[in-house]
Amino acid sequence: MTLDLKSVRKAFGATPVLDGVTLTIQSREFIAFLGPSGSGKSTLLRIIAGLETADAGEVVLDGRRIDTLAPGDRGVAMVFQHYALYPHMTVRENLAFGLKNARVPRKEIDTLVDDAARVLEIDPLLERKPDQLSGGQRQRVAIGRAIVKRPQLFLLDEPLSNLDAALRLRTRVELARLRQRVDASMIMVTHDQAEAMTLADRIVVFNDRRIQQVATPMEIYNRPANTFVARFVGSPAMTIAPATFANGGEYASVRLGDGTVVQTRVPREGLPEGALQLGLRPEHIRLEPTGVGGTKAVVDLVERLGERSIVYARLKDGLLVTGETDGLTNIKVGDEVGLSIDGDRAHLFGPDGTGYHREGA
Amino acid sequence: MTSSRRWEGLLFVGPFLLLYGVILVFPLFRGAWLSLHRVALFGPGHFVGFENYARLAGDPIFQQSLINTFLVTLMIVPPLTVIALTLALALNRAGRGATMLRGVFFSSAVLSVTIVTLIWRFVLAPDAGALGELWQALGWEPLPFLSDPNLVLPALALTTIWWSLGLPMLLFLAGLQQIPREMYEAAALDGASRWTTFVRITLPALRRTTILVIMLQTAAQLQLFGQSQLLTAGGPSGASRTAVLFLFESAFGRWELGYASAAAEVLFMIILAVTLAQYWATGPGAEGERGFRR
């Protein structure tokens, strides 16, 4: 089972929302569509489901063009953000509705529904109506309604966004398990990078009507295609600072505004001329343990997370950088500290925002 | 809360309570009181106990008027509900055309009963009416809608349906717009046909609206009066005399206020009983019927 999206285009009136999206999803792959609101990710999911029609392009599932078919005939199932359970039907009727419409024999429906209910642990709830269920139970019924149809492709529209923090973590685990159980591909739309990173085999990062990058979570994190991906993935966000070439050599060495020189492992060859930007994850800007040496900075804000602390600090030229130190630090706002920058892990971005990274991982 | 604050609060509902008392509560009790008296429009009456009610029980004209009222209500409410729902389904969409047609179908509701009956007199008159012309064009004998005892109630029902369509249609439209779009999207992904979607998604969601429409219309049509009074004056030979027309004639034709009040009380009890029966029959809304949650 593979899903092919070929140059899918969509505009709402004069507002373009998708600008020629091409993407291939492999069999049994879990894909996350990640991006900010309005980036077109939900629209693409709805085009695959058949709830929106593309202006141009094709959607091909397993060699069969499906964008011309009715939603119910596409072999896809969707879990809606607000679950969209039928309020006047019992849980059992909710699960059976699609199968009844597909004229599945009654006995088979009962077996499928009972199996799904057992797996999702909603069998005691089968005779209840949706408004007698908790949020998490409704979520599982919504997933069950998708499972019983044995689709080739699961579509999940922000499946966790309606749940409270504790339940979200539990459901995330459940989705990961679900993924092991079903013999189908899954696409999940989310704006939460933690969900995307933990669940997906590959992440498709959307912004501004286009796919910015398609890659594994680790690659997205370690080799972001451009400054948008670099800033959007990772929390707290990567520090991205203007920089200039310092000197020659096999690997690029750049100078920040305050004069700090960072020796990177990004090959000099292939880098564009002109304005550069240096990208540094918080874990690669560490506070000097002794508080002296390295790059001088003044602490702007400290976030203590327990196992580590996030330090927002200003360099001499006013640049705000985000770094880390251990959880037991006693530094406070206004302290002058020394930062040690791990140039080996630094990223460079060209004038057009394209990312350049160290060789290897 | 202090008692003085409660007193001030009363000021806000005061005007309404006053009106409610004067034009609803007082007449209700006054009517009940009057129904136990023999009383003319002018001059004092005297207490007669339940004599008026006993007379009503044996009055064939009153009984006929009740039968007419039930028949015409039965002829109006079911078709009215179905037509209003059909119109609402057809017009529940964006666009200039649908907006205009919603206005057109609602427009009859703003007309007074005088205008409505005037219009329908033109339509129904056998010699020059629009229906008569249509019948003649088809080569049939024009039907004397208003003078045939078998046709006069259907004619009255037709007029009333045309006049009353607006509000139920609007209620159904409001009900339809309460149904989240996701529900239909889920049904589409579940492969539901249009008919299945209508029967399993739309109709259950409109259950409460439908009950409301039927209850409101039943209570309203059991009090049907103006159309019958103006179109046929209850004729021919009482075939279209409704209960309210009967009590109007008793009170302001024969000046028997006590007798008319007794008839009014009987009608009141009937409407109350029918409405409560409908309410109980449809249940107070089972679990899971509390509407959609987001």
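How many bridges join strand β1 of chain A to strand β4 of chain A, and in which direction do the two strands run relative to each other? In this predicted model, strand β1 (residues 3-12) and strand β4 (residues 56-61) of chain A are joined by five bridges, and the two run antiparallel. Within this pairing, A:Leu5 stands opposite A:Val59 in β4(A). The two strands belong to an open sheet of four strands in chain A, arranged in the order β2-β1-β4-β5 with antiparallel pairing. At the edges of this sheet lie β2 (15-25) and β5 (64-65) of chain A, each of which pairs on one side only. Strands of a sheet pair through backbone hydrogen bonds, and the pairing may be either parallel or antiparallel.

Contact between the two domains of chain A involves eight residues of domain 1 and 10 residues of domain 2. On the side of domain 1 of chain A that touches domain 2 of chain A, four residues are nonpolar, two are polar and two are charged.

Helix α5 of chain A, which runs over residues 165-181, has 17 residues and reaches 25 Å from its first C-alpha to its last, a span close to the 24 Å expected at 1.5 Å a residue. The buried residues of α5(A) are A:Thr171, A:Leu175 and A:Leu178. Because these residues cover an arc of only 60 degrees around the axis, they lie on the same side of α5(A). The other side of α5(A) carries exposed residues, namely A:Ala166, A:Val173, A:Ala176, A:Arg177 and A:Gln180. The cover over the buried residues of α5(A) includes two further helices of chain A, α4 (135-147) and α6 (193-199).

Is A:Asp326 buried or exposed? A:Asp326 counts as exposed because it has 11 C-beta neighbours inside 10 Å, where a residue with 12 or fewer is classed as exposed. When the neighbours within four places in sequence are left aside, A:Asp326 is in contact with A:Arg308 and A:Ser309. By contrast, A:Asp326 and A:Tyr83 are 243 residues apart in sequence, and their C-alpha atoms are 42 Å apart in space.

Chain B has a secondary structure of 14 helices and two strands, and its C-alpha atoms fill a box of roughly 80 × 75 × 30 Å along the principal axes. Of the 294 residues of chain B, 30% count as buried. When contacts in chain B between residues at least 6 apart in sequence are considered, 69% of them join residues at least 24 apart.

The two chains also meet each other, with 20 residues of chain B in contact with 21 residues of chain A. On the side of chain B that touches chain A, α9 (181-189) and α10 (194-205) of chain B each supply at least two residues, and α9(B) gives the most, with six residues. By class, this side of chain B comprises eight nonpolar, four polar and eight charged residues.

Technical notes: Residues numbered from 1 in each chain as written. Chains lettered and ligands numbered in written order. Predicted model: local features only at pLDDT ≥ 70, side-chain atom pairs only at ≥ 80, totals over all residues. Contact = placed C-beta atoms within 7 Å. Nonpolar A, V, L, I, M, F, W, Y, C, P; charged D, E, K, R; others polar. Buried ≥ 20, exposed ≤ 12 C-beta atoms within 10 Å, placed from the backbone. Pairing = 2+ DSSP bridges. Expected span 1.5 Å × (residues − 1). Arc of directions from axis to C-beta.
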